[in-house]
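Here is a quick briefing to read alongside the model. Have a look at the chains first, then work through the notes.

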Amino acid sequence: MTSNSNVANMRRLVEQLKLEASLERIKVSQAAAELQQYCHQNAAKDALLVGVPAGSNPFREPRSCNLF
Amino acid sequence: MGEMEELRKEADNLKDQITEARKVVQDTTLQEAVAGTTLVGRVQLKTRKTLRGHLAKIYAMHWGTDTNCSKLCVSASQDGKLIVWDTLTTNKVSAIPLKSSWVMTCAYAPSGNMVACGGLDNMCSIYNLKGKDGNVKVMRELAAHTGYLSCCRFLSDSEIITSSGDCTCVLWDIETGTEKTIFAGHLGDCMSLAVSPDFKMFISGACDFTAKLWDIREASCRQTFSGHESDINAIGFFPNGNAVITGSDDATCKLYDLRADQELITYQDSGIMCGVTSLAPSLSGRLLLAGYDDFNVNIWDMLKAERVGVLAGHDNRVSCIGVSSDGMACCTGSWDSFLKIWN
């Protein structure tokens, strides 16, 4: 019956909300600091951010052909 | 009747509790926290390669991750083909004809041994790239969804997660071709999914305007993130797995922190009025590359939430984007039938 399934759905929603409400949250200041720290720590390896020297860019055609 | 009313009240109370709990930890905003950080300088990427070969709109692409195939990627087009490309040489490693041309997603297994795809056929087809005689054949057809397959991502060679227009996501056992877990809860078509770097969780974005974080083994939804005003088309993890980025038809992208359980910032510009189709963070997470319906990719400074670059080069909608696992390059796929490699 539709009314029974509506109640069942509502019960499920309440259980899910209880689960989500019980989460332990950290402060936004801590979250922001850690995101920032991760960015800074990995910036040097981020090719799209710092660029790739032409010689070591695997996607660029080599400029010259060295026979040595 | 009485029970329904009580349950409704209880649900509303719990929603208020969650809103309150989120406010309690909101001791600052991301904007304030990064006030002292300098904006990233203008990012200008150039097209290094153009992958030509598809004859119709490209709907999806995915980079390989294995050390053997970190420069390989797979793309899916409604010309009915999956193509595995060597992005360094632009050669086609495999061109796989599909039973159904209405493909919407594709994925590369972390091992490099398999690729998967699916779409309006409601199925996820798994292809073995390393079969005998070098022939690529269908290994499994995972059928059970009652709606289109919008996205799929391998956990390993034996497990894959799919998202569907039937509002559910499913964890499959590839070996047996059966559903291990059904993740239900979204109230609208699931459009996109992403797996956490530690493979323990995944996130889904849906047409109910929310993103959900799921615990794969516990088979439960841990958190739900709201705020978008329209369908979420694209979703991804920040590289350390602690935050989630979403892209929506409401023309914005949002960053949600998992441990603070809330939105940290919105990436929007009054000049951008079209939907976000795809997104990918750069290796360090500092840059967010997002594809839009207006044929462009905008590059955002993820911390400062300002645009720092544009990739203009496609003649139609950018439908998919991905950054290689070593962060060396970004690949865009478009309805103009081309893929481009940028760095």
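**A helix residue at the interface**

A:Ala32 sits in helix 2 (residues 28-42) of chain A; helices here are DSSP runs of H or I with at least four residues, numbered from the N terminus. This is a predicted model, where local features need pLDDT of at least 70, side-chain atom pairs count only at pLDDT 80 or more, and totals for chains, interfaces and linings use all residues. Residues are numbered from 1 along each chain as its sequence is written, chains are lettered from A in the order in which they are written, and side-chain values use heavy atoms, with hydrogens and water left out.

**Around A:Ala32**
- A:Ala32 is buried, with a relative accessible area of 0% (buried means under 20%, with a 1.4 Å probe and protein chains only).
- Setting aside neighbours within four places in sequence, A:Ala32 is in contact with B:Leu30 and B:Ala33 (contact means heavy atoms within 4.5 Å).

**Where the chains meet**
- On the chain B side 64 residues are in contact with 41 residues of chain A.
- Together the two chains bury about 4400 Å², 70% of it on carbon and sulfur atoms (accessible area, 1.4 Å probe, that two parts lose on being put together, summed over both).

**Salt bridges**
- The rule finds 4 salt bridges across the interface of chain B and chain A (a side-chain nitrogen of Lys or Arg within 4 Å of a carboxyl oxygen of Asp or Glu).
- A:Arg25 and B:Asp261 pair their side chains in a salt bridge, at 2.9 Å, N to O.

How values were computed
Helices (H or I, at least four residues) and strands (E, at least two) are DSSP runs, numbered from the N terminus. Buried means under 20% relative accessible area, exposed over 50%, partly exposed in between (1.4 Å probe, protein chains only).
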